[in-house]
Amino acid sequence: MAKEECITQWNKTGDTSTLRNRKTFPLSEKTFQTPSTAVSKDKNSRTGGQSSEDDTQSSNGTSAQFSVRGSLGTNEPPSRVLLMLVVGLSFSTRLYKITEPPHVCWDETHFGKMGSYYINRTFFFDVHPPLGKMLIGLAGYITGYDGTFPFIKPGDKYEHHNYWGMRGFCAVLGSFLPIFAYLIVLELSQSHTAALITASLLIFDTGCISISQYILLDPILMFFIMAAVLSMVKFNQQRHRPFTAPWWLWLVLIGVNLAGALGVKFVGLFVIVLVGLNTVWDLWRLLGDLSLSLVDIAKHFLARVVGLILLPLFIYVTIFAIHFVVLNKSGPGDGFFSSAFQSRLIGNNLHNASMPEYLAYGSTITVKNLRIAGGYLHSHWHLYPEGVGARQQQVTAYLHKDYNNLWLIYSQSGTPDLVRHGDIIRLEHKETTRNLHSHLHEAPLTKKHFQVTGYGTNGTGDTNDLWQVEVCGGRKGDLVKVLRSKVRFLHRATGCVLYSSGKTLPKWGWEQVEVTCSPYLKETPSSQWNIEDHINPRLPNISLSVLKPHFLEILLESHIIMIRGNSGLKPKDNEMNSKPWHWPINYQGLRFSGVNETEYRVYLLGNPVIWWMNLATLGLYLIMVAVASVALQRGFSLEHACVLMRGGGLLLLGWLLHYVPFYTMGRVLYYHHYFPAMLFNTISSLTNYYWLCLTNYLLPCWHLDKGLIRVNLKLHFYLFHPLSYGMTGPLAHEPGSAMAGLKWMDSWEF
C-alpha cells in the first residue's frame, strides 16, 4: 500500500515529505527542495525546503541521512546570476550571424513571402493558422521591410531588402526556449544546477540554433508551447493558494499561450491535450479533497473553463478576425475559397461586381466546384499519358484563377437566350476549342469513375460531348442563377455526373485536382458546381454585393480548407522528407542552404551527443519509475518519489503527445516536425539524471559531474557549430574539410 499512500499524500497536500513508520532515505538538509514543500501544514514551524525533525528520523528514531555524492544540491550558485548567464548565452548563440547567409534559405521562401502578403494586405492561402505569419509580417514592417521582395526560390539574394528584422524576431523567440527550460526544471526540481545543465543542452544544440535563426514558424510555435508548459507548472505550484492574483495570472497565461500555439500551427493541439489532461487530474484531486465543498469545486471548474477554454477560444477567433481584416485584397489564395468568400476581397472580379443574373447561351463562364478546395473546371493543351484512359486532352480542376478556366456554353438545339433546368448543353474550352467529353474509360485515380477529357475541334465532336444541366432542388424550366444556383452536369451518354474527386494528379497532370464522371448520382459538394464568372454583353448586369458572407461562415470555410490542404500535402519526387523513427536518433538532417563546396552551407542537425543522450534517458526514466514503485511497495519511503512520477511523467507525456501522432499522419513529414517533442525530451532527460543521483540508485553521481558535462557540451558545440553558422569548402567526406571525421552517419549530408 506504500505506493497508494504516496499518491494519496500528493493528491491531498502536494507535500512530498517522508511518510512516517516507513524505511526512509531522505537527503541532507538543503540538498533538494520541492515546490510543494514551500507550503507546510504548519507555516509557523517549517519554512519551504526544510523538513521538521520528525521528517528526518526513521521509525526507530535514528537518523537516516544520506548525502548525495558530487554535492549536486549543495552550494547552489545565486539564481539571478545563473539566469542572467542563461539569458546571455541563449541570445548570443541565436543572434550571432543572424544576417548570414544573405539569401533565402529553405522555407523562408514560403513564410517570408507570407509576411510580405500581410504588409501588402494581399490574400493568400496556407495550411497553417495565421498567427505566425502575422507576427513575421509585423516584425518586418516594424523593422523597415517594405514587403517587395518576391521570395521566389531558395538562394535568391536579399540584396538591399531589409530581412534581418524577420529573422531577428524568430531568433529572439527561439532564444527564450532555453530560458523557459531553465525555469521549468527549476520549478520541478528546485535545483539551479539541474536547471542550468538542462538549459545548456538547448543552448548548445546546433539544431535548436539553426531552426531559430531563419524566417520560420517553428521558433514561434515552440515559444508558445514552452510558455504554456511553464505557465502550467507555475500554476500547479499555486494549488495551495487558489483564486489569488498569482493563481489567476498563471491560469490566464496558460490560456493565452495555448491560443498562441494553436494559432501558429495545428500541432498546438498536442500541448492543449497535455494541459487538458493535467487539468483533469487536478480537478480529480480536488474532488477527493473532503475539506472542499461542492461549491468550491464548482468554482475551480468554472475558473478553468474560463481560463483554459473560453479565453483561448476568444483569442484564437480574434486572430482570424484580424487576419481577415488585414488581408482584404485579392491575391493568389482566392481560388481555394468559395465564390461568396471571394466577393469580399478588393480587386477580385467578384468584389462589388456586376454581371448577368441568369446563365445564358453564348456566355463565357467559369465553373467552380462546391467541394472545399474542389477547384475550377480547367483544361489545357496537355494530353493524358499512355496507359491512362484515352490519350485525349486533360480536364482537371485548378485551384487558381486562370485563363484556361474559361468555357463557352452552347445549346444542342437552336440558340435560346437562357439556360434552364433540364437543358442539354455543350461546354467548349475557350483556349483549345475542345468540348467537355466523357466516355467509359476509367478515370486516372478514381478507378470506379469514368475519364473526363477535352475532345473535338472548333465545336466539332460527338454525342459524348452532351451534358444535361440540373439545378439542385429545381424543377424543369427553372433558370440557372449565376453564383447562387447549385448545378450538376449529367452526361447524356453514360448517365454519370461531373465530379471533382479532390485527389491530386501526378506530375503529368501538373499536380492539379482530378475531374471524373461519377456513376454514383447522390448529390454531394463534389458533384455540385456553380457558375462564377459570367460574361455576356447582350444581357443586363446586377450587383453581387449581396453575396458577401458572415464572419462565422468564412471562419468555418477557412478551417475546412486548411485541414484538407494539410492532409493533402504529399511527398514530391526527390523531396527531402523523412519518417518519424528517423527523428529521435538524429538519422538525417535538413539542408537549409548550399549543396557544394563553393556555396554557403547550412545544415539542420541536432547535436548528436545531446540527442542520443536524450534518447537514452527516456528508457532510463522508465527504469527509475519501476525501481521507485517497487521500493515504495516494499515499504521504503523515497523522498520526492511522488514528484518523480508525477512531474517526470508529465514531461514524458508531453514528449509522447508531440511525437507519436506523426506515425498516424498520411501527409509529408520533415525532420523539423520533431523539435517540439525534442524540447520535452531534453527537459525530462536531465531531470531524470538528477533524480537518479538524488535517490542514489543505479548510477553514482560522478556520472553527472557538472564540470565534465559542461566541457563535453562546449567541445561538441565547437565541433558541430559550422552546421548552424555556415560552412564553405570541401564537404565532410572530402579531404581538407572543416567537418572531417564528424560525419558519423552516412545519412548526414553536410
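**Exercise 1. Which residues of helix H13 are buried, and what do they pack against?**

Solution. 
- Take H13, residues 551-567. Its buried residues (under 20% relative accessible area, 1.4 Å probe, protein chains only) are Ile554, Leu555, Glu557, Ser558, His559, Ile561, Met562, Gly565 and Asn566.
- These buried residues pack against helix H11 (294-326) and helix H12 (339-342). Contact means heavy atoms within 4.5 Å.
- Check the length. H13 has 17 residues and reaches 25 Å from its first C-alpha to its last, close to the 24 Å expected at 1.5 Å a residue. The expected span is 1.5 Å times one less than the number of residues.

This is a predicted model: local features need pLDDT of at least 70, side-chain atom pairs count only at pLDDT 80 or more, and totals for chains, interfaces and linings use all residues. Residues are numbered from 1 along each chain as its sequence is written, and side-chain values use heavy atoms, without hydrogens and water.

**Exercise 2. How many residues of helix H6 are buried?**

Solution. 
- H6 covers residues 192-203. Of its 12 residues, 12 are buried.
- Among them are His192, Thr198 and Ser200.

**Exercise 3. At what angle do helices H4 and H5 cross?**

Solution. 
- The axes of H4 (residues 131-142) and H5 (residues 164-189) come within 7 Å and cross at roughly 125 degrees.
- Leu135, Ile136, Ala139 and Gly140 in H4 meet Gly165, Met166, Phe169 and Cys170 in H5.
- Sort the contact residues: six are nonpolar, two polar and none charged. Gly counts as polar here.

Terms used. Axes are lines fitted to C-alpha atoms, for helices over the stretch in contact, and angles run from 0 to 180 degrees between N-to-C directions. Helices (H or I, at least four residues) and strands (E, at least two) are DSSP runs, numbered from the N terminus. Buried means under 20% relative accessible area, exposed over 50%, partly exposed in between (1.4 Å probe, protein chains only).
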